[in-house]
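Biologist: I'm new to this one. Could you show me how to read a helix and a sheet in it?

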Amino acid sequence: MTEDDSQEGWSSHKPALRALARLMPIRSVIEFGAGLHSTYLFLNLNEFPLLESLVSFEHNEVWAAQARTNDPRHTLLVMPIDEFAAKSADLKADFVFIDSVGDRFSLIAHGLTLAPIVAIHDYQEGQLSTQGFKYVRGFNSIIQTVFVSNTVDLSGIHL
């Protein structure tokens, strides 16, 4: 594990995202909250070798400028958070990632209309286990990343 992959701080979701990539083929990702760790991890062909499309929604223009890439598979859309759901409603993906859920909590159920699996970073499994999702799989000790699905058994995700 490199310093970049420390299970402390902003990159703590990377081991869980890598575990998902080992579980199933990921060709398309929608992320709500672009990031120096998640965006670049998804675009890394060694980590997500089948990725064809990454659509990132970000509300902070300064942060978006840091997360912007020249990769032709990446589309970065900057807009207020309250527009994320409407602007993504016609999209479909293999996976949705929601970073720093705080004010993005309402996007969890919406994410499951876009993809069969949603992961939420900086969240606890217990906070989602009562929300009615069929499958909930969390990595909470330090990583604090939770996967939810109504169609895919998540028990196969292992760090």
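Biologist: Which residues of α1 are buried?

Modeller: This is a predicted model, and in it the buried residues of α1 are Lys 14, Pro 15, Ala 16, Leu 17, Arg 18, Ala 19 and Leu 20. Buried here means under 20% relative accessible area. Seven of the ten residues in α1 (residues 14-23) pass that cut-off, so the helix is largely enclosed by the rest of the structure.

Biologist: What covers the buried residues of α1?

Modeller: The cover includes α2 (38-43) along with the strands β4 (95-98), β5 (118-121), β6 (135-139) and β7 (145-149). The helix lies across those four strands, β4, β5, β6 and β7, and runs at about 35° to β7.

Biologist: In what order do the strands of the sheet come?

Modeller: First the general idea: strands of a sheet pair through backbone hydrogen bonds, either parallel or antiparallel. Here seven strands make an open sheet, ordered β3-β2-β1-β4-β5-β7-β6, with mixed pairing. β3 (74-78) and β6 are the edge strands, each pairing on one side only. From one strand to the next, the twist averages 15°.

Biologist: Which way do the residues of β4 point?

Modeller: Phe 95 and Phe 97 point one way, Val 96 and Ile 98 the other, and all are buried.

Biologist: And how many bridges join β4 to β1 and to β5?

Modeller: Four bridges link β4 with β1 (residues 28-32), in the parallel sense; Val 96 partners Ile 30, and Phe 97 stands opposite Glu 31. Three bridges join β4 to β5, also parallel, with Val 96 opposite Val 118.

Notes:
Residues are numbered from 1 along each chain as its sequence is written. This is a predicted model: local features need pLDDT of at least 70, side-chain atom pairs count only at pLDDT 80 or more; totals for chains, interfaces and linings use all residues. Side-chain values use heavy atoms; hydrogens and water are left out. Buried means under 20% relative accessible area, exposed over 50%, partly exposed in between (1.4 Å probe, protein chains only). Helices (H or I, at least four residues) and strands (E, at least two) are DSSP runs, numbered from the N terminus. Contact means heavy atoms within 4.5 Å. Two strands pair if DSSP finds at least two bridges between them. Axes are lines fitted to C-alpha atoms, for helices over the stretch in contact, and angles run from 0 to 180 degrees between N-to-C directions.
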